[in-house]
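Have the model open as you read.

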Amino acid sequence: MYVRLDERYRVTLTLNGRERSAYAEPRTQLCDFLRHSLGATGTHVGCEHGVCGACTVMVDGRATRSCLMLAVQVEGRRVETIESLAKEGELNDLQHAFRGHHALQCGFCTAGILMSCHEFLGRVMDPSEAEVRDMLSGHLCRCTGYTGIVQAVLAVARARQNNRQETP
Amino acid sequence: MKPAAFDYYRPTTRREAIEQLVERGEDARIIAGGQSLMAVLNMRLSQPRVLIDISAVDELRYIERRDGYLAVGAATTQAELAEYAVLADEVPLLEQMLPWIGHFQTRNRGTVCGSIAHADPSAELPLCLATLGGEVVLETKRGKPRRVTGDDFFQGVLTTARRPHELITEVRFPLSKAGHRYRFQEVAMRHGDFAIVALAVDIGETEYRLGVGGVADRPVVRRIPRDVDLDDALNTLAWSLEAQDDIHASATYRRHLVREMGRRLMTEEIVQEETTDVRPAR
């Protein structure tokens, strides 16, 4: 596949379980493509060089900085954004815990943090506080001081463990 | 910022990638995981005419043990290497060092070869390759692949021995040697930030091979016999690196870290348990 710099390429992907497609220039970042071309404005764009983590989404099930990926690179892939977490308008357990533990104030970084937590908790069932803090080191939040975020993630991990034990 | 405009080419074979690279030469940049290059493009520090994306070249996605090496293909991500089940047995230094590279979100896409191609002087993978005496394999259209040792490959800040028409197809890490022990430690402002000082050591029966990252313009490796005065040897090494003051640390502090961390790593005062609470490991 070769796309010239002034061409627009039709990118088809699965976004939050639905097949979507839109045009993108080669240089269009995934974050801008999601927001401007597909209307998924829950993903926020922060530093645009991979440091702050605000734009984190899942690509083929793995948390990824969407400012460090091009729209043309998600052709045929599965992308999940913050819009995928709340089913039928109901916040999921992670989102509820963030609200309950005061894990956000302005909320700018939150969408990205939730997507990292989403992958992390799927992989690490019983994380230690140190592991949660390490996972969060890929994100900058300038208002909460992280304590509430750590508590929310640990609370969700514990609750999910309990649920698993109670299910026969 | 947004990148300047470029053509985008995504081949599916190594041959197609090399042909395009030979045709376009210095106008082209190779992108694999993009975790270093995309930041550089976004800031317009590099403005290539064409981006050649090798992430869909499946024949470059492998981890293979052969001829005393662990060979890692150019499309293999850092996360894939970390998940390689016998890494701790085959190349224990890599297993210890991988969790220190960026964050899991960047290791998910960042490639092993890409970090080595980028040649940031504070990056962990170049340090690991140089310390172990590994090799970079470069291929172009004609002739046999060229093999360059880590020592010769890194030539300065973001500068390597790669020629414009060459594609890095593989890096080779020597397998662990019987009786040797391997240790890694780094100090950064915050986990995942660039290392202020990173140290890797191969502890052999008669000598240490100590690699230092983050201080000079490239990873520096010194062989230190085990029977010399270690404090003297580390002090000489620390001064030879010509450390500079910058916003992250003073030259004095960097020399201090080389001496102090070096002594602890080499005399094994830093035991694995001590570092587990900051390692993501899974």
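## Overall build

With 282 residues, a compact globule would have a radius of gyration near 19 Å, and chain B comes in at 19 Å, so the two agree. That radius is taken over C-alpha atoms, and the globule rule is 2.2 Å times the number of residues to the power 0.38. Along its principal axes, the C-alpha trace of chain B spans about 55 × 40 × 35 Å.

This is a predicted model, where local features need pLDDT of at least 70 and side-chain atom pairs count only at pLDDT 80 or more, while totals for chains, interfaces and linings use all residues. Residues are numbered from 1 along each chain as its sequence is written, with chains lettered from A and ligands numbered from 1 in the order in which they are written.

## The five-stranded sheet

Chain B has 12 helices and 14 strands (DSSP runs numbered from the N terminus: helices are H or I, at least four residues, and strands are E, at least two). An open sheet of five strands runs β4-β5-β10-β6-β7 in chain B, with antiparallel pairing (strands pair if DSSP finds at least two bridges between them). Its edge strands are β4 (63-66) and β7 of chain B, each pairing on one side only.

Within the sheet, β5 (residues 69-73) and β10 (residues 167-174) of chain B are joined by five bridges, and B:Leu70 sits opposite B:Phe173.

## The hairpin

Strands β6 (residues 135-139) and β7 (residues 146-149) of chain B pair antiparallel over four bridges, with B:Val137 opposite B:Arg147. Six residues lie between these strands, and in this hairpin B:Gly143 takes a positive phi near 85 degrees.
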